[in-house]
Amino acid sequence: MKMKDSKMVKGNVAIDRDRLWSDLMTVGKIGFQQGHGVNRPALSDADIAARDWLTKRMSAAGLEVRVDAAANVIGTLKTRTPRSQKILVIGSHLDTVPQGGMFDGALGVGAALECARVIRENEIELPWDIEIIDFSDEEAAYNAGTVGSRAMIGQLKPDEIFVSKAKGGLTFADGMEKVGKDPARIGEAVRDPKIFAGMLELHIEQGSRLESEGIAIGAVTGIVGIYRYIVTVRGEAGHAGTTPMHLRDDALVKAAPVFTMLPQWVRETNGEMVGTIGQVTLEPGATNVIPGVCTFIVEVRSMNASDMVAVRERLKSWAAAQRNVSVRTIYEKNSVALSEPLIDAVIRAAESEGVSHMRIQSGAGHDTQSFAPYVPSGMIFIPCKNGKSHCPDEWIEPDQAAYGCRVLLRTILDLAE
Ligand SMILES: [Zn+2]
């Protein structure tokens, strides 16, 4: 049978809106608890169940499925008449933050799968293989996040999968063993970036710009840089009733000034930077015990590395001036610009679908960020309700998922020409 060229069928291929939505609702129930959203941290039982679901759906769609050495789930649709040896990656992640939403990541995986199905069902011949990928641990369940995509592109430090955020906590290496992967062999996941024709990811915006401006599609121009540090302040635990105030070395009291200084340091940069302390732990952590250790995570995000470096240096000099305070770098990811030809392709796709569009920067990190410095990379945003994400209220409408998926498919077909 003669294969259809991507150009010939571009006008009349259609994605199946109900099939896509049904997939999103099915995977959205895995790890879902009423009132608590979706709890599917990487390589948790729920995440493993979601991976199994995806594997079955990809196999049913005629994709060849494998799990690589970094536990990325990969479904390949082979081109029958390769004009190049290249691969187009279309992916995102099925893991979620604790009490997360149904669409962050899952939309991109579900839509990629739907695109592959439509391409196969319509016998559209592409110039490259496509790989639909569920990347491991995008959401930093254990340590730094975007583990699977960084492992694939060769940017994961081998020792970081053995580090946990909390002392004595689980590591990505522990998770790998749950799915039968040997942490010592994670290096085998590395692939030569030159084999990739491109990387595409559809994602919810996780902010409110598109919604507030009434725009349907965001053609992402760049992804913000993120620096994260774990700060450990040591004092001395003691009885909260019997230790007089002048004899205390309270770790929380020593740490507290940074909680208000950080926003000031951030505001004193050029204005587009954000900084957050979103996690604080006290040890021993009891109402009647003076905190002996206060540990907190400082995160800053900006398109400008120099601004993030400036805040890091202020944090470090504050720490150096204290007794028993240490700052450890979790990671420093600089911002990336996405590929102009792919941004243009997304805009053309939105136009041929008749939906409004704008160029937009991403304030959230994504797997595409791992690929962008090495592989032509593009991202498509759709709005999410009230800009909410990483929470149980995260929501999109079925029509939004559908037109996002259509723009993704059009972009693939556009690149195929
Ligand atoms: Zn995401």
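Is Phe103 buried or exposed? Phe103 counts as buried, at 0% relative accessibility. Buried means under 20% relative accessible area, exposed over 50%, and partly exposed in between (1.4 Å probe, protein chains only).

This is a predicted model, in which local features need pLDDT of at least 70, side-chain atom pairs count only at pLDDT 80 or more, and totals for chains, interfaces and linings use all residues. Residues are numbered from 1 along each chain as its sequence is written, and side-chain values use heavy atoms, with hydrogens and water left out.

**Aromatic pairs**

Rings of Phe, Tyr and Trp (its six-membered ring) pair if their centres lie within 6.5 Å; planes under 30 degrees apart count as stacked, over 60 as edge-to-face and the rest as tilted. The count comes to 7 aromatic pairs. In one of them, Trp21 stacks with Phe103, at 5.7 Å centre to centre and 25 degrees between the planes. This pair links distant parts of the chain: Trp21 is in helix 2 (residues 17-28), and Phe103 is in the loop between strand 6 (87-92) and helix 4 (106-121), 82 residues apart. Helices (H or I, at least four residues) and strands (E, at least two) are DSSP runs, numbered from the N terminus. Trp21 is buried, with a relative accessible area of 15%. Trp21, Phe103 and Trp395 form one aromatic cluster.

**Zinc site**

His93 (NE2), Asp104 (OD) and His203 (NE2) coordinate the zinc ion at 2.0 to 2.2 Å. Donors are N, O and S atoms within 2.8 Å of the metal (3.2 Å for Na, K and Ca); water is not among the atoms, so sites may look incomplete. Along the chain, the donors of the zinc ion follow the spacing H-x10-D-x98-H. Asp104 lies in the loop between strand 6 and helix 4 and His203 in strand 9 (residues 196-204), so the pair ties together parts 99 residues apart in sequence. Asp104 is buried, with a relative accessible area of 4%. His203 is buried too, at 0%.

**Core and strands**

A nonpolar core is a set of buried Ala, Val, Leu, Ile, Met, Phe, Trp, Tyr and Cys residues joined through side-chain atoms within 4.5 Å. The largest has 76 residues; those with the most contacts inside it include Ile90, Leu126 and Ile217. Apart from it lies another core of 21 residues, among them Val298 and Met308.

Strand 10 (residues 217-223) pairs with strand 18 in the parallel sense over 6 bridges. Strands pair if DSSP finds at least two bridges between them. Val220 has Ile360 as its bridge partner in strand 18.

**Salt bridges**

A salt bridge is a side-chain nitrogen of Lys or Arg within 4 Å of a carboxyl oxygen of Asp or Glu. The whole structure holds 27 salt bridges. The table lists some of them.

| Salt bridge | N to O distance |
|---|---|
| Arg17 and Asp18 | 3.1 Å |
| Arg19 and Glu114 | 2.8 Å |
| Arg19 and Glu121 | 2.7 Å |

Arg19 in helix 2 and Glu121 in helix 4 are 102 residues apart. Both Glu114 and Arg19 are buried. By contrast, Asp18 is exposed, with a relative accessible area of 52%. Arg19, Asp23, Arg57, Glu114, Arg117 and Glu121 are linked in a network of salt bridges.
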